[in-house]
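Here is a walk through a two-chain model, taken one chain at a time and then at the contact between the chains. Keep the structure open while you read.

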Amino acid sequence: MSSSMMIGQYIPAGSFIHKLDPRTKIAIIFFFVVIVFFANSVMSYGLLTLFAVGSAFATKIRVRYILKGLKPVWFLIAFTFLLHLFVTREGEVIATVFGWELYREALIQGSTISLRFFLLIMVTSLLTLTTTPIEITDAIEQLLGPFKRFRFPAHELALMMSISLRFIPTLMQETEKISKAQASRGVDFRTGSFKDRIKAVIPLLVPLFVSAFKRAEELAMAMEARGYKGGEGRTKLRELHIGWKDYVVYGLFILLMAGLFLTRN
Amino acid sequence: MDITFDHVSYTYQPNSPFEHHALKDLSFQFSSGSFVAVIGHTGSGKSTLIQHLNGLVQPTEGAVSIGSYHLQAGKKNKKLRELREKVGVVFQYPEHQLFEETVEKDIAFGPSNFGVGEEDIKQRTKEAISAVHLSEDMLQRSPFDLSGGQMRRVAIAGVLAMDPDVLVLDEPTAGLDPRGQKEIMDMFARLHKQKQLTTVLVTHSMEDALNYADHVIILKDGEVYKEGAPLEIFKEKEALQSVQLDVPEVIEFLGEVERTLDEKISYQGQSIAELAKELAQVVKGGRDHE
């Protein structure tokens, strides 16, 4: 299976950031996303970038991997920048290239929006790089816990998430296996007209669905056999703890917010 | 069809942190009509090897020849379709590949993909279903209503209906009860003789390798560890055990007889009854000396 298809690209590196409570990471990212939109001066953007880049280095993950994870969004960032360059027509003209006028505001808008974009995606990708999917679901369950009072199915949601994450690799293996078996029986997935190729998917999809349903049934039975009856009164194997590391991070983040509001225009 | 592997290597995800050398410089050949057993521990490269036989994967280095078809590293073969028609592969748990509404349609799926005429397909479907010992009444049923063993047979019939020259079997009896296992293996042995197939069997069962194959290849970490006639191979107990393989029970037992009674009985595929007779004679003969 190609590595680009991996989901939840967790890379173990045992850094400070890896060891943080996943709830801390999610909360910090949530507030970071909010405060990014308050920045409006060079200094404030500088502070945010410093925080994001600093966190990236603190993960001890090689920069190459982090940038590789951002690959699909480089295009989007460049596109946003160019769009602003061409569409915004405010401020003074600072250059003229072949009769096309470059406005000052266009340049500023383009760079700030792209930078915001970059910061948001970079920070959120740090979450998936340093946190296992199971930790993320645990954290989500806990964070959504208070909403249970309003009949919000936090536990069920987390369970669904962890089950689907667990079965992604299994289903991918199954797909590969069945497509090889059908290719051996003469199915051609790669060439032929569009209609032919759609038709070629049926021998792949039917067995895949059949086995997925079978697996679901078996899993449900195995869970019931082991006494699963929902989240009520269920204890946890992995308990989440807020420790001194998390307080350090919260402290740093409060400093960042204070710095941000001081450097705003 | 003659099958030749010439210094074949295969690497999964080359130049990445997940790089894995599944086959390393593999060379061997066997001639048309032979029944070859490929044995090896999990992860020894058996499955990768058989995927070379019908071009599902291409060697990273070296070349594979199946009859007049050649798969060479870095070269695209344009006749893959023909090759796949000639080489039928029964994968592990083949019942997972069933998808049609009726057994008949599923068996006909392979041949119709290869452009066989309708009349011909009808004929082949009937032949295939009887070859796997299922009645023709089954043809109109849904494959999903059948029992596990029956589904397995239908899936095998689907491969047989392609009328291949080479039959590749990846643990075809895994998960069946002992009787079902024997029936299926006997069926393959019969087809092998009847249709003069070249058969490649991947198996964990030393008994099957001894009973059905005329050539054995033992793989270890993607390399050929031992190769030769089954009787020769299975004599080397230590060599087998060092790759976590067992000696077949019969051979083990005859070895035991040789050690305790100091009498040699050579194994040539005798049945248990025949062996018992021979053994009785040896024991009696031994007493005569006293």
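## Ground rules

Two strands count as paired if DSSP finds at least two bridges between them. The elements themselves are DSSP runs numbered from the N terminus: helices are H or I with at least four residues, and strands are E with at least two.

This is a predicted model, where local features need pLDDT of at least 70 and side-chain atom pairs count only at pLDDT 80 or more, while totals for chains, interfaces and linings use all residues. Residues are numbered from 1 along each chain as its sequence is written, and chains are lettered from A and ligands numbered from 1 in the order in which they are written.

## The six-stranded sheet of chain B

With that settled, look at the open sheet of six strands in chain B, ordered E6-E7-E8-E3-E9-E10 with mixed pairing. Its edges are strand E6 (87–90) and strand E10 (223–228) of chain B; each has a single partner strand, so one side of each is left without a neighbour in the sheet. On average, neighbouring strands here are turned by 15 degrees against each other, direction ignored. (Axes are lines fitted to C-alpha atoms, for helices over the stretch in contact, and angles run from 0 to 180 degrees between N-to-C directions.)

At one end of that order, E6(B) and strand E7 (residues 166–170) of chain B run parallel and are joined by four bridges. B:Val90 has B:Leu169 in E7(B) as its bridge partner.

## The four-stranded sheet of chain B

Chain B also has an open sheet of four strands, this one antiparallel, in the order E2-E1-E4-E5. Strand E2 (20–30) and E5 of chain B are at the edges with a single partner strand each, so one side of each lacks a neighbour in the sheet. The twist from one strand to the next averages 20 degrees. Helix H1 (residues 46–53) of chain B packs on this sheet and touches E1, E2, E4 and E5 of chain B, its direction making about 55 degrees with that of E2(B). Contact here means that the C-beta atoms of two residues, placed from the backbone, lie within 7 Å.

Now the strand pairs. E1(B) and E2(B) run antiparallel with seven bridges between them, and B:Ile3 sits opposite B:Phe30 in E2(B). Strand E1 (residues 3–12) of chain B also pairs with strand E4 (residues 61–66) of chain B, antiparallel over five bridges. Across that pairing, B:Ser9 faces B:Glu61 and B:Asp6 faces B:Ala63. E4(B) then goes on to strand E5 (residues 69–72) of chain B through four bridges, again antiparallel. There B:Ser65 partners B:His70, and B:Ile66 stands opposite B:Tyr69. The hairpin of E4(B) and E5(B) has two residues between the strands, and B:Gly67 takes a positive phi near 55 degrees.

## Chain A: helices and a hairpin

What does chain A have by way of helices and strands? The tally is ten helices and two strands, running α-α-α-α-α-β-β-α-α-α-α-α from the N terminus on. Its radius of gyration is 24 Å, well over the 18 Å that the globule rule gives for 265 residues, so chain A is more spread out than a compact globule. That radius is taken over C-alpha atoms, and the globule rule is 2.2 Å times the number of residues to the power 0.38. The C-alpha trace of chain A spans about 65 × 55 × 40 Å along its principal axes.

The two strands, E1 (residues 93–97) and E2 (residues 100–103) of chain A, run antiparallel with four bridges. A:Val93 is the bridge partner of A:Tyr103. They form a hairpin with two residues between them, and A:Phe98 in the turn has a positive phi of about 45 degrees.

## Chain A: domains and annotation

An automatic or database domain assignment gives chain A domain 1 (3–131 + 241–263) and domain 2 (147–225). Their C-alpha centres lie 35 Å apart.

The unreviewed UniProt entry annotates residues 26–53, 65–87, 107–129 and 247–263 of chain A as "transmembrane region". UniProt positions are given in the numbering used here, feature names are shortened, and annotations may be inferred rather than shown by experiment. In the model, residues 65–87 of chain A are 96% helix and 0% strand, with end C-alpha atoms 34 Å apart. Residues 107–129 of chain A are 100% helix and 0% strand, with end C-alpha atoms 32 Å apart.

## Where the chains meet

How many residues of chain B are in contact with chain A? There are 21, and they contact 16 residues of chain A. On the chain B side, the elements giving two or more residues are helix H2 (80–86) and helix H3 (103–113). By class, that side has ten nonpolar, eight polar and three charged residues. Ala, Val, Leu, Ile, Met, Phe, Trp, Tyr, Cys and Pro count as nonpolar, Asp, Glu, Lys and Arg as charged, and the others, Gly among them, as polar.
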